[in-house]
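Reader: I'm new to protein structures and a bit lost. Could you pick one part, look at it closely, and then show me how the surroundings fit in?

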Amino acid sequence: MRNRLIPCQHTIAREVRLSGKGLFTGSSVYLELKPSAPNSGIIFHRKDLGIEAKVPANFRYVFSTFRSTCLEKNGVRVLMVEHLLSALKAFGIDNVEVVLTAPEVPCGDGSASLFVELLEEAGKVSQDALRKVWKVHQPVYWTNHKAHLVALPSEDFQISYTLHYPHSKILDSQYFSLVLEKNRYVEEISQCRTFALQEEVDGLMKKGLLLDAGLENGILIRDDAVMNEGGLRFSTEMAR
């Protein structure tokens, strides 16, 4: 077993910004990343709601995971945070303020590619504080219906995922595994888009959701065929 020094915390080196639209709400949104102090964590700030409209990226504030991850604190919600959070994790950013002018993070092409570009532009600086490291010493598991999550002791942060869609021939079962680090994330994960079956999209649209959905910002599967021009970016893009 290898000994590893606990790394310092990091934030971004400079403020960066982008604009876009939310996939679910269709809202035009302006997003800005700002450097933040040690131990402050990742904070979403809804600037359109006032100075105190802030939500930490913490599991305690997960409001919904239906087709995306929504955070809420004191009535303030932020939708579809998962692609940005995954990029921040891969780039090793511990502390940052995410300023938004709408309730949803921009969707881009349905992947994390736009956030990779933004973080490359922002750069990274170390801070005078050690990162908190939670170490798994024995197997831990969680089950909810057909979803199963298992954490095993490891010296690396490795993620292995099995996707099972028995009612879709094109999806069926997919498996992917990698040790998470920046270069592998950029090359093998960040380009992978969110996906949905046509019947799922129809149901969400009837509920007034997916107001900016299109083939330019996600994968659409209809009658067991990928409708996007050019098809998939990886054969296991959905699992990734």
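Author: Of the 240 residues in the chain, 39% count as buried, and buried means under 20% relative accessible area, with exposed being over 50% and partly exposed in between (1.4 Å probe, protein chains only). Keep in mind that this is a predicted model, where local features need pLDDT of at least 70, side-chain atom pairs count only at pLDDT 80 or more, and totals for chains, interfaces and linings use all residues.

Before zooming in, here's the whole thing. The chain has 4 helices and 17 strands; both are DSSP runs numbered from the N terminus, helices being H or I with at least four residues and strands E with at least two. Along its principal axes, the C-alpha trace spans about 55 × 45 × 35 Å. A compact globule with 240 residues would have a radius of gyration near 18 Å, and the chain agrees at 18 Å (taken over C-alpha atoms; the globule rule is 2.2 Å times the number of residues to the power 0.38). Contact means heavy atoms within 4.5 Å, and among contacts between residues at least 6 apart in sequence, 66% join residues at least 24 apart.

Two strands pair if DSSP finds at least two bridges between them; β15 and β16 (residues 219-222) have 3 bridges and run parallel. In that pairing, Leu-197 sits opposite Ile-221 of β16.

Let's stop at Ala-196, which belongs to β15. Is Ala-196 buried or exposed? Ala-196 counts as buried because its relative accessibility is 9%. Setting aside neighbours within four places in sequence, Ala-196 touches Val-201, Ile-219, Leu-220, Ile-221 and Arg-67. Ala-196 and Gly-218 are 22 residues apart in sequence, yet their C-alpha atoms are 7.9 Å apart in space.

One of those contacts, Arg-67, takes us to another stretch of chain. Arg-67 is in the hairpin of β6 and β7, which has 5 residues between the strands, and takes a positive phi near 65 degrees. β6 (residues 62-64) and β7 (residues 70-73) run antiparallel, joined by 2 bridges, and Val-62 faces Leu-71 across them. β7 also pairs with β8 (residues 76-78), again antiparallel, over 3 bridges; there, Glu-72 stands opposite Arg-77. The hairpin of β7 and β8 has 2 residues between the strands, and Asn-74 takes a positive phi near 55 degrees.

In helix α2 (residues 113-122), 7 of the 10 residues are buried, so the helix is largely enclosed by the rest of the structure. Among the elements covering those buried residues are β2 (16-21), β3 (28-35), α1 and α3 (182-188). Just past α2, Gly-123 has a positive phi of about 75 degrees. Strand β12 (residues 147-151) is hardly covered, with 0 buried among its 5 residues. Its partner β11 (residues 140-144) runs antiparallel to β12 over 5 bridges, and Val-140 stands opposite Ala-151.

Loops can hold buried residues too. Asn-95, in the loop between α1 (82-90) and β9 (96-100), counts as buried because its relative accessibility is 2%. A polar atom of the Asn-95 side chain lies 3.4 Å from the backbone nitrogen of Asn-39. Beyond its neighbours within four places in sequence, Asn-95 is in contact with residues including Gln-9, Thr-11, Pro-38 and Gln-127.

Key:
Residues are numbered from 1 along each chain as its sequence is written. Side-chain values use heavy atoms; hydrogens and water are left out. A polar contact is a pair of N or O atoms within 3.5 Å; within protein, one must be able to donate a hydrogen and the other to accept it, and residues adjacent in sequence count only if both atoms are side-chain atoms.
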